[in-house]
Amino acid sequence: MLAMLGVLTTFIPFLYFTAPSIRKFFAGGVCRSNVQLPGKVVVITGGNTGIGKETAKELARRGARVYIACRDVLKGESAASEIRADTKNSQVLVRKLDLSDTKSIRAFAEGFLAEEKQLHILINNAGVMMCPYSKTADGFETHLGVNHLGHFLLTHLLLERLKASTPARVVNLSSVVHHAGKIHFHDLQSEKHYSRGLAYCHSKLANVLFTRELARRLQGTGVTTYAVHPGIVSSELVRHSFLLCLLWRLFSPFIKSPWEGAQTSLHCALAEGLEPLSGKYFSDCKKAWVSPKSRDNKTAERLWNVSCELLGIQWE
């Protein structure tokens with residue numbers, strides 16, 4: 001035991017001393033695109049905090065009109081005010097969007113479509129993680145409802161505007177943990193068995209499958225789509241897990257900052273010549289290895305059809 005304590009007291013200070021070098025190694029890629037966005041319109045969900053806020057800030061800096069779509073409008077206005085001051089771009093707007101309620105999603109889309117004639121970039125960034133078992137306003141398990149079905153419906157409602165604004169892009173935030181996910185069609189709402197961690201993994205796999213099927217259906221339209229793993233990032237996403245909050249604090253010197261976490265989203269939104277890679281999965285600003293389950297076209301199509309049925313929509 002004393003020997004173990006001796007090793008720990010030596011190793012931990014060494015680890016923290018070398019943290020800047022380790023963190024630089026794990027920081028990942030940086031978006032190198034110089035594309036400017038005057039006259040372009042962007043919608044980003046969850047743009048009031050963390051990765052979303054940093055993404056919104058950079059897009060505003062490049063001259064886009066940015067809509068921050070979030071549940072907490074006061075927090076959104078605070079973030080927008082900060083972004084406007086930092087970027088000198090007054091066109092940073094906040095609109096109410098609760099992805100756990102299809103009525104709110106439809107209201108947001110209706111308002112946006114009445115306001116804007118174009119939409120060039122849609123970033124489905126918002127999400128929940130490690131929630132205790134609960135259901136959305138429409139009776140969907142929360143991870144599935146918010147992370148997948150909410151963005152599925154939002155994209156459906158905004159798609160014609162994207163098609164009218166080509167070239168346009170849809171960026172879906174997923175995670176490397178999609179490798180641990182599985183689509184249980186016999187228990188999509190996790191009513192028979194529920195694990196907070198696995199529910200998140202399943203929803204992230206759904207994001208990758210959605211991206212794959214969306215890309216297939218959008219071939220030739222001028223709208224392309226990409227799935228993104230932002231990395232392990234210091235953000236509010238882990239707020240529902242005391243253990244993860246503790247680990248994030250302990251290992252904060254080695255975890256990506258929100259700015260670093262936003263880089264792959266920005267790469268997929270901005271990088272030129274990315275169109276042939278529509279439907280692919282990216283990490284650290286480059287195409288990354290994806291779970292074999294994510295390459296199953298039959299599962300992707302089945303999830304698409306089941307999602308349409310659950311939401312009561314028709315999407316050709």
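Predicted model: local features only at pLDDT ≥ 70, side-chain atom pairs only at ≥ 80, totals over all residues.
**Helix α4**

Residues are numbered from 1 along each chain as its sequence is written, and side-chain values use heavy atoms, with hydrogens and water left out.

I looked up burial next (buried is under 20% relative accessible area, exposed over 50%, partly exposed in between; 1.4 Å probe, protein chains only). In α4 the buried residues are Gly 76, Ala 79, Ala 80, Ile 83 and Thr 87. They cover an arc of only 100° around the axis, so they sit on the same side of α4; the arc is taken from the directions from the helix axis to the C-beta atoms. As a reminder to myself, an α-helix has 3.6 residues a turn, so residues three or four places apart point the same way. The buried residues pack against α3 (50–61), β2 (65–70) and β3 (92–96), with contact meaning heavy atoms within 4.5 Å. On the face turned away I find Leu 74 and Ala 85, both exposed. After α4 comes Lys 88, with a positive phi near 60°.

**Aromatic pairs**

I count 10 aromatic pairs. Rings of Phe, Tyr and Trp (its six-membered ring) pair if their centres lie within 6.5 Å; planes under 30 degrees apart are stacked, over 60 edge-to-face, the rest tilted. Phe 152 and Trp 304 have ring centres 5.1 Å apart and planes at 70°, so I log them as edge-to-face. Phe 152 is in helix α6 (residues 142–163) and Trp 304 in helix α11 (residues 297–311), so this pair ties together parts 152 residues apart in sequence. Both are buried.

Trp 304 also pairs with Phe 210: centres 5.9 Å apart, planes at 40°, so tilted. Phe 210 sits in helix α7 (residues 196–217), 94 residues from Trp 304. Ring pairs join Phe 152, Phe 210, Trp 304 and Trp 315 into a cluster.

**Ser 291**

Buried or exposed, Ser 291? Buried, with a relative accessible area of 2%. Ser 291 is in the loop between β8 (286–287) and α11. Leaving aside neighbours within four places in sequence, I find Ser 291 in contact with His 178 and His 179.

Definitions and conventions: Helix = DSSP H or I, 4+ residues; strand = E, 2+ residues; numbered from the N terminus.
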